[in-house]
Structures are given as structure tokens and as C-alpha cells.
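Thanks for coming, everyone. Let me put the model on the screen and walk through the inside of it.

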Amino acid sequence: MGRTLQNTMINLGLQNACDEAVYQLGLDMEELEEIEEDAGLGNGGLGRLAACFLDSMATLGLAAYGYGIRYEYGIFNQKIRDGWQVEEADDWLRHGNPWEKARPEYMLPVHFYGRVEHSASGAKWIDTQVVLALPYDTPVPGYMNNTVNTMRLWSARAPNDFNLRDFNVGDYIQAVLDRNLAENISRVLYPNDNFFEGKELRLKQEYFVVAATLQDIIRRFKASKFGSTDSVRTVFDSFPDQVAIQLNDTHPAMAIPELMRIFVDIEKLPWDKAWDITKRTFAYTNHTVLPEALERWPVDLVEKLLPRHLQIIYEINQRHLNHIASLFPNDVDRLRRMSLIEEGGTKRINMAHLCIVGSHAINGVAKIHSEIVKTQVFEDFAALEPEKFQNKTNGITPRRWLLLCNPGLAELIAEKIGEDYVRDLSQLTKLHEFVDDDLFIREVAKVKQENKVKFALYLEKEYKVKINPSSMFDVHVKRIHEYKRQLMNCLHIITMYNRIRRDPAKLFVPRTVIIGGKAAPGYHMAKMIIKLINAVAQVVNNDPMVGSKLKVIFLENYRVSLAEKVIPATDLSEQISTAGTEASGTGNMKFMLNGALTIGTMDGANVEMAEEAGEENLFIFGMRVEDVTELDRRGYNAQLYYDRLPELKQAVDQIRSGFFSPKDPNLFHDVVNMLFHHDRFKVFADYEAYVKCQEKVSELYLNSKAWTKMVIRNIAAAGKFSSDRTIKEYARDIWHVEPSDLKIPPPNEPREAGQDKTPNGTAA
């Protein structure tokens, strides 16, 4: 979520008033804002997307809740020591959190372990261990519409009789100390992005958030006029018309068997009715196609932790496979491919398959990704029910990612086209009229220059490096992962360095290359990549032959509040994943909206950015998905490129020989070995096209006016990438709710009787 103060002031229309009031107290609002800790409760794009969605849902007047876990420790703080990433605990609650309100009156029990007892009256889950879920509510204000929604985060608490109720041997002190075991559930965020680690505590976290949330939703449904009771028992027929639940990846997939358990075991609904309601309630968003990221939980772990849920999953699977077998008799391989249970070795539950079978809608997060989901990853399921598969291209909130972080540009745009674009970003197309307006061109360039100077001062203060604000700011910030190819950027840096040294007199367009991002603590290769970037920076930044022509900076502890500083100052945005690997990306959109040009592959939302702005207004290079597929068919041979490209050979040889690590010449042996022998993401295959494309970038940068005109065309085409548009599509196509732009009157004005935010009362 990042910081809350400035976002709240902007959405409430109070920023100027607060700035002034604080100034009169002899304080500086910007200094005050810097004191607030980021709420870092997610890993990367997926978590930040949820935050943008909450802002848009409130701004569109949707009755929607965001549910998650109130981690005591969020994503780790990253320190760089001697070029290596070192993790520190993110004790973000140390000084308290003024934005949250604990709601102990809504505390709910969550059960684990135990066993299942079957009788004539149905199944009973008994002898369980209980953990309490304590909700904390954070307000989510809409933009200037007097709407405030709620984000509800659950914290784990041990019940007071924890470890004391069962014939305890009398070790009271130990029993109280053991309360930590229960409360560890919400202690810390698992720091993996795009990688599945099948740990028991992680599964506990996933079930914890799901069980608490579903109880909360059902409590609210029963309290509403829709949960009418026929002789004690609630009628759930209208449940899917009143409730929509969106699964943000498979992490909350246990919600599907959990809702079935509630309906069948507790509410005593017949299976078929319960299943129909469940399917119509859930929708699933897929966020990645990387096989190592797909959740596949071992059956014996689920059996131990959630025995009843395993039985329900088996029953869902049995009925699912019976249906497939009736449609495709004797096709055993199809049954194996489509099963929720993967046999062979340790039996595992494929959570994506569970989500597909248990949802009425499945979507990817960019056109190209949704196509890959349909035709490759889940092709058997899409062949069966093509109508369930959709696309919902991601977006970003223009409140945080333009108004808040780039007030200079936001104001400049408002002067030209009015202020309405903040709620309707498609209006940015009006800027096309000003592409040839010399004054506007100069003003856009001036705002960018001011942002660069400000960021340069920040870097000087934080990193003690002097950088040239007139150099091109070439920025690559995102999680460190092989598929995102920070290594390819690194090879380009080395190539630029070698060119400067080979011919110091030749004209060279000065660059400051900024790379930032966190590596999962257990991801060895990602940590080596960080070390390599820092080792290269050490050499480049201290070579007198290079001077101010080329500087390399690794941005420590990349997070939302740092993104808000670097993105407005960026000239060139690096979006260089191997085609077919980045589901969408959202950083790409933030850079586009803030006046950077993009160098990128035809991957994720880059494809749609090029479609909106015109491919000639992005620097597109490299293999397309078809080329990658074809190269896989032929067999990728890295050696071929190394032998054919002298500059690539020189760069790789320097890394291999210890040119960048003289004290330990073999330091980067693993990296080089990977690049030659098991590079799934084909860095060498795109290197030549990347370097050539970068030459085009430098050439255009020399012509400030032509560069800025291209920037304006990009900003004018960025309207599609508002999360408001994304959420309108979810609301229309999946949740079946009407967004309302009705401004609710403020509390001091009388409301008309019966005035309702959402005519169709579904809550998402």
C-alpha cells in the first residue's frame, strides 16, 4: 500500500489546506510525509495492483472490501553491504499505525488440524486447534466523492485457553509462551515473488485469511435483508447476486473448498446447490505462467492441516473427472492433465485447476497473457468452457501515480485539458492537439528536468554520488528475477563502458543507469545478479576515462515510496522480459504516464502500450512469442551468439575473468555458467537487438524536441492504463455491479431517503 498520508489528503481534496496549516505551525509537509513508514504487505506487482484496485473501487463508488493479512513484518528492508543484498526485518508497526482501527468485536475463530467424523447428519470437523482472527480496518477514500471503503486485514491471536484446556500437565508458563505458535501465522510476509515454496506456515496463512474472510462475508450477508431466514435456516439462493469474490491469483484458492464446507457441513445445503452457488460467487485472476510459480500443495500436508478440505477437494475432483470422462471416453491422458490432483512422486493439489473448476470467470491481466493462458497453460480447460476465459488488462491509479508523485506534470496537463482527466484518464487523448505546441513541449521538458534535478539531489544525499542531471536517466526497477533480464541490462552497461574506453573522443550520450529491486532471500541467482550490477558499478563509476559519461547506481530498498521519487525523474523505462513471461507489468504504465519512453519487448502490457501509442513511439526490440517458441523448438544455443558477437564475447569474458571482481576472479562463475548452459530466458538471443535499439534511443535523446514530442504522444496514449478502466471491466463483465459516479453528499448535508450507492447491491 505504501504511505497513506498524502494519498488521503489528495483524495479528500485537503492537500493545499493541510500544507498551509502545517506550514503555519512552522513545519514542512514534505518532511512530515517522509516520516511515515511504507505498508509493504506484498511482494511486487500483484500486491501493488490490489492497492490500485482499492483506490479505483472507492473512486467508482463500488461497495467493495479488500481483505488480507496484517503482517507484523512486511517485505524485508534491503541493505546493500559490499555489493551484496542483506535483509533486515521490516518492523513497520514499531511506532504504531495511525490509519488502522482494531475491531475486536468482529473477531472470528479459525480452525486447524483435527479430524473428520462422518455420521448420518453429515461430516463434522472436530478436535481442531483454534486461532482467533482479529480484524484491523483501514479506510480507503475515493477521489473527491465522499466515499470511504474499507480494507480489512486479519491478525492472528491465540485464544485465552490456548494449550491450557487439554489435560495440561501443569506447565502454565510454557503454555502461555506457546501462544506465539498461534500468533506466528500473521508474523511475517513470505518474500517470494513468482515462486512457490510449499511451507506449512504459508498454507496456514492462506487458509487463515480465507476462513476469516468468508465468515465475515456470510455474517454480513445474513445480517442484510437478503439473508432471509426460512424457519431458522438462511436461504442462500441470492448469495451470488449479492456477493462476488475475486481470487487474486491462487493464494486464496482454499476459499473454494471452505465455502463448500460452510454450505454443506454447517448450513446443510445439498452438494449440487452448494456447488452452483460457490461457482457463481468466485472468479479467478491468473497472474503468472511461470511453472515454478504455480501453487501445488502436497496432499499429505493438506490432509494434516485441513483434513475436511482435502475430502471436499477429492469430491470436487471426482465429479469434475466424471464429467470429463463422459465427454471424452477413454481419454485417460486428458483426465491426468485436467485432474486437480497430480500423481507421480508426492501427490499434489494443483491450485490453479481448483480455481478454474470452482470459478465462473477466469482472466489474465493483459491481452497477450490471457491468450497464452487460453491456448497454452490451461488449453484443456479453455477447450471445455471457452466462455469462462476473459482478459482484463491491468491498470494503475492516476491519483498516486500522477497527482501524488508528479504534481508538476499533473498541473501542466490540467492547464491544457482541465482537471476531469483524473477521474477519466481517457481524456489524455486531448493532449494530441498539443504535440506540436512549442511552448507545451518546452514546459513538459522543464517539468522532467526539475524532477531529475530533485532526484539527483536525493541520490547525492543518500548515496554520496554526484550525477549529471542532464544525462539520460535509464531506469530498470522491479523485483530481481532472471525472466526480467536485469542481466541483459548489465551486459549493455558493460558494452557501453567498453565503447567509451575504446574510443574516448567519440561522441557518447551521457547516461545514468539506475537499477533497483529486491531479490527473494533464497534466490541465489538473483542475489548474484545484484552483486554483479554493484561490481560493474564499482568499476565504471571509478574509471577516470569514463568520467560523467556513464554512471551506474543500484537503488537500495526499492519500495512504493521510492518508486514515487524515481519514476517521475525517468527518461527511459526498461521493460525487457523475454516475450511470453511477464503477465502484464504495471511499472511500465507508471513510467508511460510520467513522461518516460519505453525500451521493451513485445511482452505483457507493452504490447497494448505500443498499440495505443503507435509502435513507432516505443523502442520495441527482440524476439516475439512466436520467435521464442521457434527457438525452443530448434534448441537455444547460447554459444552461437557468443561466437558471433565480439562485443558480447568481450563483456562475458570480462565477467568470467574477474575484471569486475579482481579479489575473487571466479565470483561470477555461476552466472556465466547459467548464461551458457541453462538460460531459460535467452539473454544472448536478444542482446544484439537490444544494443542496437539502445543506439536508437541515444540518437533520439540528442534531439530534445523530438524526444519530448514522443513523450507527449506516450502520455496522450496512457489513458487506457488507468485501474479505473480495469475495475469498470471487472464490475461489468465479472461481478455484475454498476459503478456509480453519484457523489455522496458530505455528512453535514441531509441525504435523500433511500439514496443508494449501488443500485444493484452486490458487494465485491
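Start with a term. A nonpolar core here is a set of buried Ala, Val, Leu, Ile, Met, Phe, Trp, Tyr and Cys residues, joined through side-chain atoms within 4.5 Å. Buried means under 20% relative accessible area. And keep in mind that this is a predicted model.

Now the core itself. How many residues does the largest nonpolar core have? The count is 242. Six residues have the most contacts inside this core: Phe112, Phe239, Tyr421, Phe619, Phe684 and Trp735. Which helix gives the most to it? That is α21, residues 524-541, with 12 residues. At least three of its residues come from domain 1, 37-391, and at least three from domain 2, which is 407-624 + 687-719.

Next, the cavities. The structure holds 5 of them at 30 Å³ or more. I'll take two.

The largest cavity has about 160 Å³ of space. Its lining counts 14 residues. Lying nearest the centre are Met1, Asn7, Ala51, Val140 and Arg400. Two elements each supply at least two lining residues: helix α4, 45-59, and strand β8, 129-141. What is the lining made of, by class? There are 6 nonpolar residues, 4 polar and 4 charged.

The second largest cavity comes to about 70 Å³. Here is the lining. Lys478 and Lys484 are in it, along with Gln575, Ile576 and Ser577. Then come Glu582, Ser584 and Asn588. Asp603, Gly604 and Asn606 complete the list. By class, this lining has 1 nonpolar residue, 6 polar and 4 charged.

On to the cysteines. A disulfide is a covalent bond between the sulfur atoms of two cysteines. The cut-off used for the sulfur pair is 2.5 Å. How many disulfides does that rule give? The count is 0. Take Cys18, which is in no disulfide. Its nearest cysteine sulfur belongs to Cys405, 19 Å away. Cys18 is partly exposed, at 25% relative accessible area. Cys52 is in no disulfide either. For Cys52 the nearest cysteine sulfur is again that of Cys405, at 11 Å. Cys52 counts as buried, because its relative accessibility is 1%, and the limit for buried is under 20%.

Now some backbone. Asn163 has a positive phi, near 65 degrees, and is not a glycine. Where is Asn163 found? In the loop between strand β9, 148-157, and helix α5, 172-177. Its relative accessibility is 25%, so Asn163 counts as partly exposed.

Lys268 also has a positive phi, about 60 degrees, and is not a glycine. Lys268 sits in the loop between two helices, α9 at 255-266 and α10 at 271-281. Buried, exposed or partly exposed? At 40% relative accessibility, Lys268 is partly exposed.

Last stop, Asp437. This residue is in the loop between α18, 407-417, and α19, 438-463. Asp437 is partly exposed too, with 23% relative accessibility.

Note on methods:
Residues numbered from 1 in each chain as written. Predicted model: local features only at pLDDT ≥ 70, side-chain atom pairs only at ≥ 80, totals over all residues. Heavy atoms only, no water. Buried < 20%, exposed > 50% of the residue type's maximum accessible area, 1.4 Å probe, protein only. Helix = DSSP H or I, 4+ residues; strand = E, 2+ residues; numbered from the N terminus. Domains from an automatic or database assignment. 1 Å grid on protein atoms, 1.4 Å probe; cavity = no way out; pocket = protein on both sides within 12 Å on 5 of 7 lines; lining within 4 Å. Points joined across faces, edges and corners; volume = space filled by probe spheres on them. Nonpolar A, V, L, I, M, F, W, Y, C, P; charged D, E, K, R; others polar.
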